[in-house]
Amino acid sequence: MSESLDRATHHSLVRRVFDHLDAGTTDRAAGVMRNPVGIYTDPGRFETEMARILRRKTLLACLSGRLPRPGSYLAEDLAGVPVLLMRGEDGVARAFLNSCRHRGTRLLDGAGAVRRAFACPYHGWTYGVDGRLTGIPDPDSFDGADLADCTLAALPCTEAGGLIWIRLSGAAPADPAESLDGLAAEFAGYGLAGYHYYDSHRMTPAINWKMALDTFMEPYHFAVLHKQTVAPIFFSNLCLYDEFGASFREYLPRRSIEDMRGRPEAEWDAVWHSAIVYYLPPNAVFVMQQDHAEVWRIFPRDGRVDRTEVHLDLYIPEPAETEKARRHWDANLALAVRTVETEDFAAAESAYAGFASGLADEVVYGRNEPALQGLHRRMAALMTED
Ligand code: FES
Ligand SMILES: [Fe+2]
């Protein structure tokens, strides 16, 4: 039994699924919702999204386990911003612009760990893991420069409850509540601070970034698009939808949930028999998959309305120390990639071609796609709020 959700939540989620299965129904929105195709294709709207949402809002960067020890770092370009996340000797996770204070060169690539300090690959200026400049070759040639001013440019970064959050601009702190909102208590139950990073996969579909989010927002397509991949595991067109302020939960039951019929209700485990999809605005999807977590972070690529990059990071409850464990997690990651990259994103790319023709006018989100509607209501609010 997973202790992550409280007993009442386990019970109500399973009960609602059984009721839907008995009635042949799913959670439904009050009405059908339509969006103009321009929300996916309009360059002007896209510029506004970049400025008002992606460059301004608090974003999920990773779980704490991505930076397991002092000196651990993660370098990623996010929405056109080269970001360097690094854990200091003091244990504090910080975010910097990944750009040398001499003449701008990228300091570190990928992920890994440094010991106390690292050097710029261009002329060898060195920085401590707290971002402070610690040394330069031939300092006499920089006699006018105040090197105390040459600490790496900081980006707002906040670590709380096993999650690390950043902002890509400004001085205001990254505020997890902006994104997690009413889900903080539920997330605390998952004990994410104890999770370990396993592996990542990066995908680059030729679609608008919001279409990558759309992918996760309904199981209406499982029986058709995912006939060979996840349809044998999950019910198609059956989801539970619950709002938590800025975020929401979309509960996707596994077929195995039927095994709990006839079992004492005290044993009902809503986590083990599902994938629980959380939207963490503005651009992340967190999926609790029984005993592990998938973090999907979605960004526009190359500053283009029609290019997206998706970072999938897999986090696991125990370190994978055996070959058997690695095979297990590799298989999990491979199924997620195969389903989303080769099926969902292929379908989305074909849709984008229709949108880009300029001849399509709108898309329609059904009553059986309540999370999709919830996503786009929130996106509309993000476009206008301060
Ligand atoms: S650009 Fe980094 S040392 Fe010159
Ligand atoms: Fe899908």
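This is a predicted model: local features need pLDDT of at least 70, side-chain atom pairs count only at pLDDT 80 or more; totals for chains, interfaces and linings use all residues.
View 1. Helix α1 (residues 7-23) lies across β14 and β15 (247-253), at about 140 degrees to β14. Helix α9 (residues 370-384) packs on the sheet too, touching β14, β15 and β16 (274-280), and its direction makes about 25 degrees with that of β14. Touching, or contact, means heavy atoms within 4.5 Å. Helices (H or I, at least four residues) and strands (E, at least two) are DSSP runs, numbered from the N terminus. Angles run from 0 to 180 degrees between N-to-C directions, with axes fitted to C-alpha atoms, for helices over the stretch in contact.

**View 2. The open sheet.** Here 7 strands line up as β13-β19-β18-β17-β16-β15-β14, with antiparallel pairing. β13 (196-203) and β14 (240-244) are the edges: each has a single partner strand, so one side of each is left without a neighbour in the sheet. From one strand to the next, the twist averages 20 degrees. Strands pair if DSSP finds at least two bridges between them.

**View 3. Zooming in on β17 and β18.** These antiparallel strands (residues 284-289 and 292-300) are joined by 6 bridges. Ala284 has Arg297 of β18 as its bridge partner.

**Reading the views.** Residues are numbered from 1 along each chain, and ligands from 1 in the order written. Local features need pLDDT of at least 70, with side-chain atom pairs counted only at 80 or more.

Key
Side-chain values use heavy atoms; hydrogens and water are left out.
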